[in-house]
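Please open the structure in your viewer and keep the selection tool at hand.

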Amino acid sequence: MIPPNDFHRQWAATSDDVLRAVTRVGESGWYILGREVEEFERALAEYWGVPHAVGVASGLDAIELSLRAIGCGPGDPVLTSPVSAFATVLAILKIGAQPVFVDCDAGGLIDLEACRELLRTRPDIRCFVPVHLYGHALDSRALRALRDEFDLHIVEDCAQSIDARSHGEPAGCIGRFAATSFYPTKNLGALGDGGAVLVHTDADAEAIRRLRDYGQSSKYRHDVIGYNSRLDEVQAAILRSAFLPRLPEWTEARGRIASAYLAGISSPALRIPPPPRASESCWHLFPILVEPGRKAEAIAYFRAHGIGVGEHYPLALIEQDAMAAFREDAGSASPAAIDFCRREISLPIHPFLTEAEVEQVIQACNGWR
Ligand SMILES: *Cc1c(COP(=O)(O)O)cnc(C)c1O
C-alpha cells in the first residue's frame with residue numbers, strides 16, 4: 001500500500017542529522033526555550049522572509065495566541081474558512097469568539113469575493129482567519145484589498161502552506177500574524193507537535209513570546225493570562241538542522257508529483273479542484289473530487305489498487321457536533337463546502353514517492369469510471 005505519508009523513508013533519509021541534533025540538545029543540558037529555539041526561529045523567519053518567527057507548541061496554539069494578541073475575545077465574530085482542519089475553528093471557539101463562515105469556491109478554499117459581500121453588511125467583523133488550504137496560496141492581492149478596505153486583523157492559517165506563494169509573495173505576509181504547524185504530516189513536520197507564529201513587529205513578537213510562557217514578561221512577572229505553549233528545544237534542533245535544509249528539495253519533489261498528476265490524470269469521472277489565481281502551490285495535499293455519492297466506493301477502489309488515499313475533510317466545519325451551539329450564528333450556510341467535503345479525497349503526494357508509485361496512482365485514477 002502506498003501510504004499518504006512515508007515516515008519510514010523520511011527517517012532513513014534524515015536519521016543521521018536528526019540524531020546529531022538530539023545529541024546536541026541532550027548534551028547541552030537545556031531543554032526548554034534556549035539557544036535551539038532561538039536559532040530555529042531566526043532560520044525560519046529568514047526562510048519565510050518575515051522579521052520574526054516565534055515557536056509555540058502547535059499550530060492550534062499559534063492561531064489561538066495570535067487571536068489573543070490581537071485582542072479578539074468572547075463574543076467577537078471571526079470570519080473563517082468553512083473547509084479546514086478542525087483546529088482552525090477550535091482556536092476561535094477556545095477564546096469564546098464566534099466563528100462566521102463564508103462558503104468555499106470551486107477549489108475548496110474560502111471565496112474572497114463572497115467575503116467582501118458579507119463584510120459590507122457586517123461592519124462588526126474585524127478579525128479574519130483565512131486558510132491557505134492544501135498548500136495553495138489564497139490570492140494575495142485580493143486578501144490585501146480586503147484587509148485594507150475593511151481594516152481587518154488577519155491571522156493567516158499557514159499550517160499547510162509553508163513555501164506557497166501568490167503573485168510571487170510567500171503566503172502569510174499579509175496578516176498581522178501567520179500561524180504554522182510542525183505536526184509530523186505537514187510539509188515541515190517535527191517528530192512530534194510544534195508550531196510557530198510569523199510576525200512583522202518586535203512588539204507582536206514580544207506579545208506572542210509572553211503568551212506562550214505563562215504570560216510572563218520576565219521571570220516570575222506575569223502581566224497577562226498566558227499559556228504553556230512552547231516549542232521544545234529538541235524539536236527546534238531537529239527542524240533547523242535536519243528538516244528545514246531539506247524543505248526546498250521536498251517542496252520541489254511535491255511540485256514534480258503534482259505536475260505528473262495534472263498531466264496524467266484524465267478520467268472523466270474525476271475532477272481536480274482549481275487552485276486560486278496566481279497560486280504557486282507547495283502541494284501539501286493533492287485533492288480530487290469524485291461524483292456525489294461515490295466517495296466511499298472511490299476510497300475502497302483506491303485502497304484495493306494499493307493507494308492509501310485520505311479525506312480532507314469528510315465534513316465541513318459547520319457540520320461537526322462540537323459546532324452545534326454555534327451553528328445558527330455562524331451565518332451563511334455553506335452548501336458548496338458541504339458538497340465539496342462529500343466528494344473530496346486526497347492522493348498521496350509526499351516527497352518520498354518513487355516514479356513508479358506516481359505512475360501507479362495515475363493508472364488507478366484513469367481506471368476509475
Ligand atoms: C494541521 C493544521 C492545523 C493545526 O495544527 P496542529 O499543529 O495540529 O495543532 C491548523 N490548521 C490547518 C489548516 C492544519 O492543517
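Begin with the cartoon view of this predicted model. The chain contains 12 helices and 14 strands. Its radius of gyration is 20 Å, close to the 21 Å that the globule rule gives for 369 residues, so the chain is as compact as a globular protein of that length. Along the principal axes, the C-alpha atoms fill a box of roughly 65 × 55 × 35 Å. Of the 369 residues, 56% count as buried.

**The ligand**

Select the ligand next, together with the residues around it. Which residues are the closest to the ligand? They are Gly59, Asp157, Gln160, Ser181 and Lys186, out of 15 residues that surround the ligand.

Display the contacts in turn. At Asp157, an N or O atom of the side chain is 2.7 Å from a nitrogen atom of the ligand. At Ser181, an N or O atom of the side chain is 2.7 Å from an oxygen atom of the ligand. At Leu60 the backbone takes part: one of its N or O atoms lies 2.8 Å from an oxygen atom of the ligand. On its own, the ligand has 380 Å² of accessible area, and the protein covers 90% of this area.

**Salt bridges**

Now colour the charged side chains. Side chains of opposite charge can pair when their charged atoms come close. In the whole structure, a search finds 29 salt bridges.

Select Glu41 and Arg209, whose side chains meet in a salt bridge with an N to O distance of 3.3 Å. Glu41 belongs to helix H2 (residues 35–48) and Arg209 to helix H7 (residues 202–212), so the pair ties together parts that are 168 residues apart in sequence.

Move to Glu64 and Lys94, which form a salt bridge with the closest N and O atoms 2.8 Å apart. Glu64 lies in helix H3 (residues 59–70) and Lys94 in helix H4 (residues 86–94), so this pair ties together parts that are 30 residues apart in sequence. Glu64 counts as buried because its relative accessibility is 3%, under the 20% cut-off. Lys94, at 43% relative accessibility, counts as partly exposed.

Select Asp124 and Arg122 for another salt bridge, with an N to O distance of 2.9 Å between the side chains. Asp124 is partly exposed, at 40% relative accessibility, and Arg122 is also partly exposed, at 24%.

Then select Arg24, Arg35, Glu36, Glu39 and Arg240 together; a network of salt bridges links these residues.

**A surface patch**

Switch to a surface view and select Trp11, Leu19 and Leu191. These residues form a nonpolar patch on the surface, and their accessible area together is about 290 Å². Leu191 is in the loop between strand S8 (177–181) and strand S9 (195–199). This residue is partly exposed, with a relative accessible area of 42%.

**A buried serine**

Return to the cartoon and select Ser166, in strand S6 (residues 165–166). Is Ser166 buried or exposed? Ser166 counts as buried, with 1% relative accessibility. The side chain of Ser166 reaches the backbone oxygen of Leu138 at 3.3 Å.

**Details of the backbone**

The last stops concern backbone geometry. Select His312 and Tyr313: the peptide bond from His312 to Tyr313 is cis, with omega near 15°. Tyr313 lies in the loop between helix H10 (295–304) and helix H11 (335–343).

Next, select Ala278, which has a positive phi of about 70° although it is not a glycine. Where is Ala278 found? Ala278 is in the loop between helix H9 (247–264) and strand S12 (279–280). With a relative accessible area of 34%, Ala278 is partly exposed.

Finally, select Trp283. Its phi is near 45°, which is a positive value in a residue other than glycine. Trp283 is placed in the loop between S12 and strand S13 (286–289). At 11% relative accessibility, Trp283 counts as buried.

Key:
Residues numbered from 1 in each chain as written. Predicted model: local features only at pLDDT ≥ 70, side-chain atom pairs only at ≥ 80, totals over all residues. Heavy atoms only, no water. Patch = residues over 30% accessible without salt bridge, like charges linked within 9 Å, V, L, I, M, F, W, Y side chains within 5 Å. Areas by Shrake-Rupley, 256 points an atom, 1.4 Å probe, with all protein chains shown as cover. Salt bridge = Lys/Arg side-chain N within 4 Å of Asp/Glu carboxyl O. Helix = DSSP H or I, 4+ residues; strand = E, 2+ residues; numbered from the N terminus. Buried < 20%, exposed > 50% of the residue type's maximum accessible area, 1.4 Å probe, protein only. Near = heavy atom within 4 Å. Polar contact = N/O pair within 3.5 Å; in protein donor to acceptor, adjacent residues only side chain to side chain. Rg over C-alpha atoms; globule rule 2.2 N^0.38 Å.
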